[in-house]
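Visitor: I am new to this structure and would like to know what the words used about it rest on. Could you take me through it step by step?

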Amino acid sequence: MTAVEHEIKRISAALVGTGWVVSSAVVSGVDTAVLARRVERSPNTSTNARSTPECGTDFENGATSDAGFRPLTSGERFRPYSPMGVETGLAGTASTSVPAPGSPATPSTGSQPSVGDLPTVRAMGTGEQAPVIGFDTEFTYREDGSRRVDSYQFSCIDPADPDYRFDVVLLPLGADDRLAVEDCLAVVLRESGLWRTFDLPDPRGVSRRSFWVKGDYRASMAALYKKHRFSVVLAGHYLNADLTAFARPRRQRGDGRYDDILRRVTSASGGLVSLKPIRMTARAGHGSNGERWLPLSITVRDTMGQSAPAMKSLAALGDVCGVAKLEVGDAIEDMSAFRRDHLVDFLEYGANDAVIVLEYLTLLWGLHAVPPVTLSGGGAHALRAGIKSYWGIGDAGNALFMARFQGLVSIDEGQEVSDDGLSYYAVRSLTPVDGDANQAHSAFKQAFHGGWNSCLRVGSFPTTTYDHDIQSAYPSAMASIVDVDFENGCIEEVIKNRDLSKSDFPLGYVTPIVAYVSWDFPEGVEPCLPVQVGQSIIYPRTSEGVGAAQGEGMDIPVQHSRYTHHPSPI
């Protein structure tokens, strides 16, 4: 009996009666123990997960109502009229709502409401479908700082019955062996039966002779992916640690950039994500007749970017989806020994982390739903879609939206643009649509000083003091800002060499006006106009001597610009 056969026998004996099915396989050229089990999902997770169409099918997108423009009245100064309220459920309260693009047609019928049932969350979805595979690794640090990878664990919903899931754990049997991501996914697809949902003739993939173009690798790959493409979402928590645990590919076809998944991901919200699906192929067999290729299209998502800043821990995500995070105490320092001596507990701990990722994303976005790159990115998508629908340009490209909503257009290649203090846009190949927009952006940039934090009185106070932390204060303030009308020329009036009066603010404090001004606050009124001095922000009682107005002195003319606007859809 070989050492590998002996280890497989030992693992099988340790897992008798546990539900784990043990087999051996050579994965990425490495002798590997493959452990799989089919488990009934928790009632809390399977009931609350919103049903979405089966993988590979299209579903009808809802359409938001097209409300017309209406004047902004003084009674709406704090929160301008929003067509994204009752019509779509994206704001305010609504008894019924029309699903926005990317949402499932039918919400959960479970006894407990799901966060994914909120119209705002439904509108943030991508509208794309693919099996979601939760992923995690266990590893042990050596004295020299290198890592020994002890296991790769995956979890996915049973394609035949969403009340069940498959857990798959791969145990490399060598001390320094690592597995390739595409080969691991090939095993998961085979063990879970996911390969059948894409009408593949064989779990190993497509015969090479059915697509190969002799002498042309790129044409061969194009032919393979045109007829066969297996799209999956590989999701984990803090993939900076786990995605780097896969084997790095050998250099092929030049620098190997098409084979290394780490070259195709980027950092976002503390994790690693892919901005576009990554093509990778798992190969099995040998020779032109026996070799099979499994064409994978992998979307990488990290739950670090799918949660609120204060709720990013895996334990917090587990609390949300009803799967408690397990702990192993001091054993976490040597997971190799924990795997050897307490295999059952090792597997429960490792698989559970992958389950939390799967169940959290399923709860948030729905069954087999491709999550947006990040939660904030999904919010931006929903906002843009809602505004475009409100304006009646829902089918138009984003260039028209950007010009109308932001006053920016793309720079033609080779076009030189002066900085004008707008280097943030210049490096993104964007420039204001016209001179008015340029002046507006420059003025807004100089006027913005961030949030207001101050101590208005210093000392000890014997009376009760209150610290008000207003819920959604910043979004509420932002929602009161009207949109500047870049489309029709955004400067409505230039005010020069005179005092400002209340009549210059027809919309109250949300009037879009930016100015160089001088001021004096009367005694008893706390100053609230910020002035930047070096790297600090101060709030002086008078502008005299602080260089706040145009130029350094206060005895020169001042100029103000009021900007045209149209009713804001936010």
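Guide: Let us start with S151, which is found in strand β4 (residues 147-157). This is a predicted model, so local features need pLDDT of at least 70 and side-chain atom pairs count only at pLDDT 80 or more, while totals for chains, interfaces and linings use all residues. Residues are numbered from 1 along each chain as its sequence is written, and side-chain values use heavy atoms, with hydrogens and water left out.

Visitor: Why is S151 called buried?

Guide: Buried means under 20% relative accessible area, exposed over 50%, and partly exposed in between, using a 1.4 Å probe and protein chains only. S151 has a relative accessible area of 0%, so S151 is buried.

Visitor: What makes the pair S151 and Q153 a polar contact?

Guide: A polar contact is a pair of N or O atoms within 3.5 Å; within protein, one must be able to donate a hydrogen and the other to accept it, and residues adjacent in sequence count only if both atoms are side-chain atoms. The side chains of S151 and Q153 are joined at 2.7 Å.

Visitor: Which residues does S151 touch, beyond those up to four places away in sequence?

Guide: Contact means heavy atoms within 4.5 Å. Among the residues S151 touches are D136, V169 and F346.

Visitor: Why is T32 called buried?

Guide: T32, in strand β2 (residues 30-40), has a relative accessible area of 1%, so the word buried applies. Its side chain reaches the backbone oxygen of V30 at 2.9 Å.

Visitor: Is S192 buried or exposed, and what tells you so?

Guide: S192 is in helix α4 (residues 181-192), and its relative accessible area is 4%, so S192 is buried. The side chain of S192 reaches the backbone nitrogen of L194 at 3.3 Å.

Visitor: What is I481 called, and why?

Guide: I481 has 49% relative accessibility, so I481 counts as partly exposed. I481 is found in the loop between α15 (473-479) and β14 (483-484).

Visitor: How do you know how confident the prediction is?

Guide: pLDDT is the predictor's confidence in each residue, from 0 to 100. The mean for the protein is 79, and 78% of its residues reach 70 or more. Over residues 52-111, however, pLDDT stays under 50.

Notes
Helix = DSSP H or I, 4+ residues; strand = E, 2+ residues; numbered from the N terminus.
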